[in-house]
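Subject: Structure for you to look at

Hi,

Here is the structure I promised to pass on.

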Amino acid sequence: MLKNRLKREQYQDSNPAFHLLCSDAQFLNQSDIKILIPNAQDEKLTNSSMKYHYGTKKQYSLLEKDINKSNALEQQGFDVIGTDFTSFTTHIEFDLILLNPPLDQGETYLKKAVELAQKQVDKDCFISALIKAEFVKNPSGFMHFLLEKNEMNLTFHENIFPDTTAELALIQLSVPKVTDNIHETYDNLLASRGFKPAQTSLERGLSTIVSDKDLEERLKDIRFLIAAYNEHISLLKKKYLFDNSLEAFETILRTRHNVSVHIYRRNEYTLNQEIKHIRSGYWEKILKTDEFRKKLTQHGSKRITDMVESSTKLEITEENVLLLLTALMSNGYEVVLDSCVEWFKKMTGNHQNEYSKNIHYYTGFKTNDAFKVNKKIIIPAGQAMSYYETMRFGYNQPLEESFDHLPFGIQAYIKDLLTMFQLINPTISNDLTAIHYDELENDFFRFKVFKKGTIHIWFKDLETLEQFNFLCGKKFGWVPSTEEIKKDPAALTFTKKEFPHLQNLVSK
């Protein structure tokens with residue numbers, strides 16, 4: 001169409017590889033396609049393709065061996081789904097694979113791309129590859145078979161790149177999605193007029209993060225879940241394969257015999273969407289994130305959710321399981337610290353006017369005036385409750401002597417606060433005793449809800465409170481580090497004065 005032609009002409013690019021590779025990819029300017037570019041380092045190819053079809057970065061799947069380059073691409077918004085293309089496996093399906101491989105690996109890359117495309121059951125896959133002409137003019141067994149058995153566009157080009165004079169071959173072919181040899185099945189049916197119906201790296205890695213008594217069971221669970229996932233996806237793909245076969249069979253009947261019987265309806269989700277949903281569920285079980293979440297604040301739980309969502313682009317293999325389990329364990333402290341800092345901001349966010357008692361000012365060790373959470377804080381009820389709960393709050397009858405009768409928002413707020421402090425001191429109890437209407441306590445703290453719209457909290461366990469303040473103070477750079485306390489007398493004096501209940505931190 002003229003619109004599409006003008007669109008392509010508008011984004012003429014100086015990248016010769018892009019123009020050759022996409023010369024016959026007429027559907028590239030469609031909005032909903034999935035593109036695989038195995039050479040993530042070939043940034044010009046990726047950027048040129050993006051401009052060409054107005055695509056979003058999440059439509060591109062890239063592979064990159066270098067961890068720094070991989071992180072940079074992720075920060076730009078691309079999906080980096082692997083490292084080495086020659087050993088790459090995935091259940092995700094692609095509309096387009098663009099290959100501009102290293103000259104000596106051209107045939108290897110093309111063979112791998114064809115193998116991936118031949119497994120697809122939901123999408124036809126268009127492969128466009130620039131490889132050395134020598135691979136085509138003196139074909140190996142694979143290349144000879146490819147040239148003999150497939151319809152393709154084949155052209156030869158010279159002087160494409162300034163740094164090489166090698167003659168290149170442009171190979172473009174479309175690999176149709178699998179339909180279980182439905183045409184052969186149909187021909188047979190028509191002819192017969194009937195139908196006849198050792199210790200692994202995972203084990204070694206787990207031994208460093210799982211206790212010996214739990215190692216064997218954990219390995220069994222993980223290996224079962226990996227096998228179950230692959231079987232699950234295999235069955236899902238068989239479902240799509242059946243759908244494709246049914247659709248193809250109905251097409252043959254309609255075109256060759258004028259039999260227009262159509263009972264097939266496609267699911268509302270694509271195969272890739274279903275794979276990601278299934279994969280996410282298995283990652284949840286393998287990483288045991290439900291156990292982590294029980295011990296985390298709402299903010300910490302969201303951090304774990306984000307980690308799982310980011311892992312759904314990775315296939316479930318033993319190598320990736322070990323990678324993510326290690327990352328989850330190593331990030332555990334960061335999740336705890338991040339949860340504490342998030343709560344610190346909540347509790348110190350209201351420190352003006354009537355809430356001035358929230359803070360206790362002191363001179364930070366290396367900064368100007370800073371603050372920490374005092375043993376009494378005042379929270380506006382609106383911070384804990386929804387707008388509608390706050391509106392009704394002042395008109396209710398006096399609160400009963402039970403935590404369960406508090407407004408839901410206040411209950412959630414207090415539970416999350418307790419959960420955060422339990423990250424520091426697991427012995428803190430969730431049990432609360434009513435002192436009076438709207439006032440409850442346990443060994444850790446006491447709180448009272450006032451009808452005017454405030455919540456007053458008194459902390460009894462000052463040692464845990466100081467641990468919290470010290471943890472957050474180190475994060476913000478307001479207090480000296482443990483090493484500074486040991487070496488600097490001024491740091492030691494400061495810490496003893498501001499954190500008198502933490503003698504274990506200041507003892508020499």
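Below is what I found in it.

A quick word on the ground rules: this is a predicted model, where local features need pLDDT of at least 70 and side-chain atom pairs count only at pLDDT 80 or more, while totals for chains, interfaces and linings use all residues. Residues are numbered from 1 along each chain as its sequence is written, and side-chain values use heavy atoms, with hydrogens and water left out.

**Overview.** The protein has 22 helices and 14 strands (DSSP runs numbered from the N terminus: H or I with at least four residues for helices, E with at least two for strands). Of its 508 residues, 44% are buried, meaning under 20% relative accessible area with a 1.4 Å probe, protein chains only.

**The open sheet.** Seven strands line up as E3-E2-E1-E4-E5-E7-E6, with mixed pairing (two strands pair if DSSP finds at least two bridges between them). Strands E3 (79–82) and E6 (152–157) stand at the edges with a single partner strand each, so one side of each has no neighbour in the sheet. E6 pairs with E7 (residues 168–175) in the antiparallel sense over six bridges; in that pairing, histidine 157 has leucine 168 of E7 as its bridge partner. Helix H7 (residues 141–149) packs on the sheet and touches E5 (125–132), E6 and E7, where contact means heavy atoms within 4.5 Å.

**Around E14.** Is strand E14 (residues 454–459) mostly covered or mostly uncovered? Mostly covered: five of its six residues are buried.

**Two crossing helices.** The axes of H18 (residues 408–424) and H19 (residues 462–476) come within 10 Å and cross at roughly 85 degrees. Axes are lines fitted to C-alpha atoms, for helices over the stretch in contact, and angles run from 0 to 180 degrees between N-to-C directions. That makes H18 roughly perpendicular to H19 (65 to 115 degrees). Met420, Phe421 and Ile424 of H18 meet Thr464, Leu465, Gln467 and Phe468 of H19.

Cheers

Technical notes:
Buried means under 20% relative accessible area, exposed over 50%, partly exposed in between (1.4 Å probe, protein chains only). Angles under 35 degrees count as roughly parallel, over 145 as roughly antiparallel, 65 to 115 as roughly perpendicular and the rest as oblique.
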